[in-house]
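These entries record what I looked up in one structure, element by element.

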Amino acid sequence: MSIFRDDGHWNHLKFEDALVKMQELSLLQFLHCNENEITVSLHSMVSEWLRIRLDKSLQPIFLNTAISHLKCYLHSISDSDYKTRQEGQAHLDTIWPRVEMGDHFLEACIMFGNFYHRQGRLKDAEMMCKCVLAGYEKALGPEHMSTLNTINNLGNVYADQDHFKDAEMMYNRALAGYEKALEPEHMSTLTTINNLGSVYKYQGHLKDAEMMYNRALAGYEKALGPEHMSMLNTISNLGNLYKYQGRLKDAGMMYNRALAGYEKALGPEHTSTLMAVNNLGLLYTEQGHLNDAEMMYNRALAGKEKALGPEHMSTLNTINNLGVLYTDQGRLNDAEMMYNRALAGYEKALGPEHMSTLMAVNNLGLLYTDQGRLNDAEMMYNCALAGKEKALGPEHMSTLNTINNLGVLYTNQGRLNDAEMMYNHALAGYEKALGPEHMSTLKAVNNLGNLYTDQGCLNDAEMMYNRALAGYEKALGPEHMFTLKTINNLGNLYKYQGRLKDAGMMYNRALAGSEKALGPEHMMYNHALAGKEKALGPEHMFTLNIINNLGSLYKNQGHVQSCSG
């Protein structure tokens, strides 16, 4: 009661003030005042709460009750808006440190881990998975189905963090257990095989990835039939792999097969159908068929907005894809509108530090670079970088990608030393995490080649380009776009060195490959100019740029008729 004394004297007014405020908050059940006395009674619930707080023997019982209620609550809000889920997350963050892990909490721990996973709190999700795994191993043994399912889930968490070696280890452990306990064509076995395919793809082990996908595909087809959802999902994964390998016709065949299956089984407006439509949009973008891509994206967007609403993650992803497409078409204002719409949606649904939000920030940086708004671009990249370093760490793939983008920006700003530092930082990270022959590593090598060319260090540039070219040819083949772009870069380098015959050989090689992969069949300098004037119609820009390079080369060699014909 000392708080109601002033200089050792009782302050009746201060005490009465406090009681009135407590009554307003319904903390007091009864209040009677007269000149000489104040009689109060605590509300029964407040009195009970104080008793529980003071009686430590009751705390485990009420903690169990709180965890049970929280588990049900988090399940009920899993599809709610960001603010509601953040409130649920705050409750989880408060209660979880008080819990001593035991077998009776395993089910709740699974729910909490899944919630953290959806929230993008991957470290917390990993911790939960490990707690569950330790509990199941102790209670049920290492080969029980619940143990194996948790191992597979831990692999998923590692994969989402780009910890691909850890994910691979988990998936292989789960697969060995499933194969021992179940039939080789059991759904759990096949799902893990499919997961291994995805991990191999991200690691750049493309042949192993294809083998896993085809193994899963054969199993699904035998066990479930050619039109089952799992079958169609793996067909889509194969399409993604083929697109990544530059096998665009094979990718198109897979995507169209998946789309036909989804439309037949689920209808044209089902979300799985719309995802297949979105994949075709991505493929058409890669092929330079930008009008077809736009048609696919708009179909996917209309369907998703109707089925899922304008703020659903899948809807926002297609909006983001439209931003990328508009950038490729040179419609930069439209692209900016799409990116800002996606960013606003991600921030509302997921918060400012979620990976999807940071990717949208990064995309705005790319757009601002294309618009020449380099200071704005730098601000976006630094914002994305700070968020990724905090959430994922300095060596995560997504972090390294933004560092690489900063290198491109600094090159455009003429800050070549800063650019070199960024590229080397990214390259070291890629080599450590993925190895010297991964696609991301080779892109960084190619970027260093571009930088050395700008710096006039042409021998170093040639060494980088040849390293990138050897890696691309080994991993992707001689006709993949990455291979052809590096060949074109070598042509530019040889031209700068005055090695015009070597330059011509590179340009012709790049042109032949790009025309085979992309079309069209027109030739030379004026055609390139005409194609550019069509603003990315049926002719792919990369082909036109090579034709333009050949025109410049022939002009330098004095072959004027070839240039202007």
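Against which helices do the buried residues of α17 pack? I found that they pack against α15 (313-328), α16 (332-350), α18 (374-392) and α19 (397-412). I note at the outset that this is a predicted model.

**Entry: helix α17**

I listed the buried residues of α17: T357, L358, A360, V361, N362, N363, L364, G365, L367, Y368 and T369. I then checked the length of the helix. With 16 residues (355-370) at 1.5 Å a residue, α17 should span 22 Å, and its end C-alpha atoms are 23 Å apart, so the two values agree. After the helix I looked at G372, which follows α17 and has a positive phi, near 80°.

**Entry: the pair α15 and α16**

Two of the helices that receive the buried residues of α17 are α15 and α16, and I examined how this pair is arranged. Their axes come within 8 Å and cross at roughly 155°. Since angles over 145 degrees count as roughly antiparallel, α15 and α16 are therefore roughly antiparallel to each other. I recorded the crossing as left-handed.

Which residues of α15 and α16 meet? From α15 I noted M313, L316, N317, I319, N320, L322, G323, V324, Y326 and T327. From α16 the partners are L332, D334, A335, M338, Y339, R341, A342, G345, Y346, A349 and L350. Sorted by class, the residues of this contact are 14 nonpolar, five polar and two charged.

**Entry: the pair α7 and α8**

I next turned to helix α7 (residues 145-160) and helix α8 (residues 164-181). The axes of α7 and α8 come within 8 Å, with a crossing angle of roughly 155°. The pair is therefore roughly antiparallel, and the crossing is left-handed.

I listed the residues that make the contact. On α7 they are M145, L148, N149, I151, N152, L154, G155, N156, Y158 and A159. On α8 they are F164, D166, A167, M170, Y171, R173, A174, G177, Y178 and A181. How many residues of each class does the contact of α7 with α8 have? I recorded 13 nonpolar, five polar and two charged residues.

**Entry: T189 in α9**

Is T189 buried or exposed? T189 lies in helix α9 (residues 187-202), and its relative accessible area is 0%, so T189 is buried. I set aside the neighbours within four places in sequence and looked up what remains in contact with T189: L175, Y178, E179, L182, E183 and P184.

I looked up A218 and placed it in helix α10 (residues 206-224). Its relative accessibility is 47%, so A218 counts as partly exposed. The C-alpha atom of A218 is separated by 9.0 Å from that of E185, and these two residues are 33 residues apart along the chain.

E221 is also found in helix α10. With a relative accessible area of 37%, E221 is partly exposed. Which residues are in contact with E221, leaving aside its neighbours within four places in sequence? I found P226, M231 and R257. I also noted L232, eleven residues from E221 along the chain, with 9.6 Å between the two C-alpha atoms.

Key:
Residues numbered from 1 in each chain as written. Predicted model: local features only at pLDDT ≥ 70, side-chain atom pairs only at ≥ 80, totals over all residues. Heavy atoms only, no water. Helix = DSSP H or I, 4+ residues; strand = E, 2+ residues; numbered from the N terminus. Expected span 1.5 Å × (residues − 1). Buried < 20%, exposed > 50% of the residue type's maximum accessible area, 1.4 Å probe, protein only. Contact = heavy atoms within 4.5 Å. Axes fitted to C-alpha atoms, helices over the stretch in contact; angles between N-to-C directions. Parallel < 35°, antiparallel > 145°, perpendicular 65-115°, else oblique. Left-handed = near helix turned anticlockwise from the far one by under 90°. Nonpolar A, V, L, I, M, F, W, Y, C, P; charged D, E, K, R; others polar.
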